[in-house]
Structures are given as C-alpha cells and as structure tokens.
Amino acid sequence: FPSHDMGGNSSRSLPQAGHHGLTNTRLDGSRSHIQIKHTAEDTARPMTLILFTLCLALPIATTFIHYESLRAISTFIPRLSQPGRLRVLIAIFAIFIIHIGEISIYAIAYDFLREEHGLGNFGGQFTDTFLTFFYFSAETFTSVGFGDIYPTGPLRIVCGIEALNGLLLLGWSASFTFIYMEHFWRVDVQK
C-alpha cells in the first residue's frame, strides 16, 4: 500500500488488524490507525440469518414429516382387517399424534430462538417451561390465539410462519380424513 508523507516521499505500508480497527504501519515506522465502529446492524445480521433459516426449515421439515406420515397411514390402514369406521378412527388418532409432533418441533424452536439467540421473548402469563412453549405453539399452530401469552421481537415472524404452516397442514389432514371417510364408509355400506 503506497502512501506519501508530508514531504512527498513515497513509502510502503502494511495494514495490520488492531484491537478496534486497522493499524497501518509504514516502512519508515510511522503509523496510522483506522477506527472501525461496530453497529447494532453488524450483530443483527447473524441473528437475521438464523431467523430466516428457521423460517424456511420449520415449514419444510413439518411438511415433509406430514407427507411421509400420511403416506405411511395410507399404506398401513388398508391392510387392517377392522371395519371401515374403525380404520377412519385409527387414521384420525394417528394424524392427531403427527400434529402433536409438529407442534413440539415449533415449541423447541421457540425455546432455541429465545434462550440461545435472544431473538425475542414472550409476554403475558409466560413461564419458562417446555409445557408453556408447547401450549403457545399449539395455540399458534391451530390459530386459536388466546392472547394470554404473546411473542415479542423477531419471534413474531416465526409465529406467523407457524400459523400459516398449521393452517395448511390441518387442512391437508382434514381433506385426507374426508377422503378416507368417504372411501371406507362406502365400503361398509356395500358389505
């Protein structure tokens, strides 16, 4: 890095990382220091990346789990020898368990984002237990939204994603159940 001193003499300098910036030491021994200021935006970037990644990963993971679970149910249920109505009940209970798992995934994500990364908090009647995270996740997933616990900060974005994801997955489960009811109840009537 060429530089010029006040007398017009050219000298070479090498930048070195300092404690709070760059120190530029010239070959003639003189130094200059460039101060680098860290802003809130610098620390927010990694948090935003974590939040964005989870906002993509959570719906993808829960949708994949839902798809594979419904596929397994549709493969397993027809093999049962029980009457059609009992098959429908078995499918409904299996779907209920699937939704409990999906709600749990979001509850773990809320704890992770809040505790590990400080991306918001919860207000209202919040207590720091998994059961509270699960309760909040269940009311968000089902779009009930009682309002006794509410998110603050960037966690609100994840809540919006969960509500949309829950709406889609619950609708998918309802249509799947309707198709099964229509098929298996018709089979019972024909017998």
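**Reading strands, helices and rings**

Strands S5 (residues 121–124) and S6 pair in the antiparallel sense, over four bridges. The model is predicted.

Trainee: Which residue stands opposite isoleucine 149 in S6?

Mentor: Glycine 124 stands opposite isoleucine 149.

Trainee: How do I read the faces of a strand?

Mentor: In a regular strand, side chains alternate between the two faces of the sheet. Now take S6, residues 149–152. Ile149 and Pro151 make up its covered face. Tyr150 and Thr152 make up the uncovered one.

Trainee: Next, helices. How many residues does helix H2 have, and what span does H2 reach?

Mentor: Helix H2 covers residues 84–116, which is 33 residues. From first C-alpha to last, H2 reaches 48 Å. That is close to the 48 Å expected at 1.5 Å a residue.

Trainee: What follows H2?

Mentor: Glycine 118 follows H2, and its phi is positive, near 60°.

Trainee: Which way do residues along a helix point?

Mentor: An α-helix has 3.6 residues a turn, so residues three or four places apart point the same way. Look at helix H3, residues 130–141, where threonine 140 sits. The side chain of threonine 140 reaches the backbone oxygen of phenylalanine 136 at 2.8 Å.

Trainee: Is threonine 140 buried or exposed?

Mentor: Buried means under 20% relative accessible area. Threonine 140 has 10% relative accessibility, so threonine 140 counts as buried.

Trainee: What does threonine 140 touch, leaving out residues up to four places away in sequence?

Mentor: Threonine 140 touches Tyr110, Cys159, Glu162 and Ala163.

Trainee: Now the rings. How many aromatic pairs are there?

Mentor: The count comes to eight aromatic pairs. One of them joins tyrosine 110 and phenylalanine 136. Their centres lie 5.4 Å apart, with 65° between the planes. Planes over 60 degrees apart count as edge-to-face, and this pair is edge-to-face.

Trainee: Where in the chain do these two residues lie?

Mentor: Tyrosine 110 is in helix H2 and phenylalanine 136 is in helix H3. They are 26 residues apart, and the pair links distant parts of the chain. Tyrosine 110 is buried, because its relative accessibility is 0%. Phenylalanine 136 is buried too, at 4%.

Trainee: What kind of pair do phenylalanine 122 and phenylalanine 126 form?

Mentor: Phenylalanine 122 and phenylalanine 126 form a stacked pair, 5.1 Å centre to centre, with 20° between the planes. Phenylalanine 122 is buried, at 8% relative accessible area. Phenylalanine 126 is buried, at 17%.

Trainee: Which residues do ring pairs link into a cluster?

Mentor: Ring pairs link Tyr110, Phe122, Phe126, Phe133 and Phe136 into a cluster.

Key:
Residues are numbered from 1 along each chain as its sequence is written. This is a predicted model: local features need pLDDT of at least 70, side-chain atom pairs count only at pLDDT 80 or more; totals for chains, interfaces and linings use all residues. Side-chain values use heavy atoms; hydrogens and water are left out. The expected span of a helix is 1.5 Å times one less than its number of residues. Buried means under 20% relative accessible area, exposed over 50%, partly exposed in between (1.4 Å probe, protein chains only). A polar contact is a pair of N or O atoms within 3.5 Å; within protein, one must be able to donate a hydrogen and the other to accept it, and residues adjacent in sequence count only if both atoms are side-chain atoms. Contact means heavy atoms within 4.5 Å. Two strands pair if DSSP finds at least two bridges between them. Rings of Phe, Tyr and Trp (its six-membered ring) pair if their centres lie within 6.5 Å; planes under 30 degrees apart count as stacked, over 60 as edge-to-face and the rest as tilted.
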